[in-house]
Amino acid sequence: MKDLLGFLIRRLGWMAITLWAVYTVSFVLMRAAPGSPFSAERAMPPAIEQQMRARYNLDAPPLQQYWDYMWGILSRGDLSWSIKLEDYSVNQVIAEGFPVSASLAIFALVFAIILGVSAGVISAVYRGTVADVAMMATAVLGIAIPNFVLASIAILLFVFLIPLFPAAGWGTLRQVALPAICLGLPVAAYIARLTRAGMLESLSREHVRTAFAKGLPKRTVIIKHVLPGALLPVVSYLGPATAGVLTGSLVLEKIFALPGMGSHFIYAATQRDTTLATGMVLTYTVLLFVMNTIVDLAYAVIDPRVELE
Amino acid sequence: MNLPDSRKNEEALAKLLEESHKIRGVSLWKDAWRRLRRNRPAMASLIFLIGLGLVAFLTPMLPLQSPLDKDLNNRRFLSPSFEPITMGSREGLKFADGKLTSQLALFEAEIAAETAEALAINDPLKQAEQFESIQDRIRVEHPFNQLWNQLGSVSFKMVQIRVAIFGDYAIPSIFGTDKLGRDLLARVFWGARVSLVVGLVATLVSLMIGVSYGAIAGYFGGWIDAAMMRIVDMLYSIPFIFVVIYLVTFLGEESVKAWLESYGIDQIMIFYIIIGAIYWLTMSRVVRGQVLSLRQEQFVESARTIGASPMRIVFRHLVPNVLGIVIVYLTLTIPAVMLFEAFLSFLGLGVAPPDVSWGLLLNDGVEALSSVKLFWWVVIFPGAALAMTLFALNFLGDGLRDALDPKMKNR
């Protein structure tokens, strides 16, 4: 228990350092780019531009801006106003987009884990059969096709050709399903391969032979003695998988026109909406860090040999 | 002294030696190669990839249509067909006789005449002016520059060879044409060049960073290792896609572009380097793990005893020993990078037209897909090209991993 507490505290410290680094880098990058957020096709009257700059604290010296913005985040959790989206604070944008992105990501991950692990287990147990070869070929295909192509084909097939799912919209389970499946498939393919490799390795271990020798049913051996060992690489892959899902959601939110954070981020970065972009990056960093920490914890729970560091 | 006896001995010795000469030690690489050759899918992938690389390199010499020449009036979204086609026959080009070769001959004759005229001018200032205007004309009006985009000097020569061999012949649009009436077959081939170069260059950058970082951390150990690996852990938690999007938008800014070009740096080059610079994390972890277990070996100690510097030990003695696993990761990083390029192209942040890449082609194709009429060929062909390449790389990677696995030695 004491271990756990120390681990969490240390992780929190690292997260703070990481966030600070990310904040600094994005601040510098955004300020270093030439032009300003207000440079547009139509020139703005200087008086108004000055007002705008004052509103977003852009007229202060850079170092002052850096501290002010950081202090705002630290003391009030205030990510300031979005520059391009009128009358929206960054917190509001995130509050609206976060549930969408998060539920999409969670659905996709759960789907990927269930599908990937079961496919991996089946193809390892029935190694060399048609089912194994077919499943592993599908898995490589899943890794080899970019998910925006997959999503477009899926829309064509399951929305227009066979109307199973609605084309757009957000809220009901049926509307979540298609984007989540498209987002989860590449991850599922990867997990299936990892599970299969892990299963094959632990199937050849001696304790498994012993379990078979003492007459345990195949089902029990596989679920109780083989699977836990085989899942270790899968668990350690979940960290990168989260990153992959977050990245992929940028594309899928664009294709399915979902009101998540991803579409806002690309817009913010390309339109030089400094405050919104910084807020988004910080949120994503927190998400990723939390997920990595959970993965490390899960690893320690599954494998008693691993010590929390 | 018994002479025959000693001769007998000598003979026996010679025989023994001869036998021992016949026996060859099997090096790790030879052994791995033997195992790889038995792995059919991996060998097929290797051959496919080598063929692809060759074809991509020789693309300018192949009898393909122009990858850029648009025909908005007659050739938009043509389905795959075997209708023969002549180079330079589009009316809008206004080529002599509607042929590339005739126009080329005409243009070269004109340029030769102009050059002769310029040479006849006595005033050096005016002469230089005249030469400049000739150069300008070549840049704009040369038939090659109308049909291809900014050919480098090597590609230019290759296109010349192509015209010399094949003349006006071009492979019909067997892949169909895209929304601007450009030939898809040619675009897929030219796109292969960019996509493969992105994959290779970015992976090599990540290789250099990852291997040196991991090897140094692993060799020095102690607090250096701890600090370096903490940094890697931290970087793992940064959503890199966002940093890339920042950087790409930053580099896409006109003034930055101009500034970079003044130093002779291509924007696309920077793009490769950025991708490479974010894919080194896993590589460095793997290499570090290997080096950690290697540095206790005797050959490292003996190298240290004879006074080799730490850097020499790391790069001459340790790095070659981890090459196997590095190669495996290499074949798995290239597909990841190529997918990432496709992804960035989809977001409009990748390779910019008129350059072509598979990601860009797929993006165009996906846009055409969502319309009412089904232009399947604009997605299927680039998609198949990318998927087959990634397929082959994955199989090759798996095969190499099995082949280089020390546990499989002499099996």
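How many salt bridges are counted between domain 1 of chain B and domain 2 of chain B? The count is zero. The model is a predicted one, and residue pairs in polar contact between these two domains, with both residues at pLDDT 80 or more, also number zero.

Chain B is divided into domain 1, made of 43–58 + 181–404, and domain 2, residues 86–170. Their centres, taken over C-alpha atoms, are separated by 38 Å. Six residues from domain 1 of chain B and five residues from domain 2 of chain B take part in the contact. The area buried between the two domains is about 410 Å², and carbon and sulfur atoms give 62% of that area.

On the domain 1 side, B:F57, B:W190 and B:P354 lose the most area to domain 2, together 70% of what that side buries. The elements of chain B that give two or more residues to this side are α3 (40–58) and α8 (184–220).

Next, the nonpolar cores. The largest has 119 residues, and those with the most contacts inside it are A:L250, B:W148, B:I245, B:L344, B:L347 and B:W358. Helix α18 of chain B, residues 377–404, gives the most to this core, with 14 residues. Domain 1 and domain 2 of chain B each supply at least three residues to this core.

Leaving out residues up to four places away in sequence, B:I245 touches A:L250, A:F265, A:I266, A:A269, B:L347 and B:L349.

Technical notes
Residues are numbered from 1 along each chain as its sequence is written. Chains are lettered from A and ligands numbered from 1 in the order in which they are written. This is a predicted model: local features need pLDDT of at least 70, side-chain atom pairs count only at pLDDT 80 or more; totals for chains, interfaces and linings use all residues. Side-chain values use heavy atoms; hydrogens and water are left out. A nonpolar core is a set of buried Ala, Val, Leu, Ile, Met, Phe, Trp, Tyr and Cys residues joined through side-chain atoms within 4.5 Å. Buried means under 20% relative accessible area, exposed over 50%, partly exposed in between (1.4 Å probe, protein chains only). Helices (H or I, at least four residues) and strands (E, at least two) are DSSP runs, numbered from the N terminus. Domain bounds come from an automatic or database domain assignment. Contact means heavy atoms within 4.5 Å. Buried area is the accessible area (1.4 Å probe) that two parts lose on being put together, summed over both. A salt bridge is a side-chain nitrogen of Lys or Arg within 4 Å of a carboxyl oxygen of Asp or Glu. A polar contact is a pair of N or O atoms within 3.5 Å; within protein, one must be able to donate a hydrogen and the other to accept it, and residues adjacent in sequence count only if both atoms are side-chain atoms.
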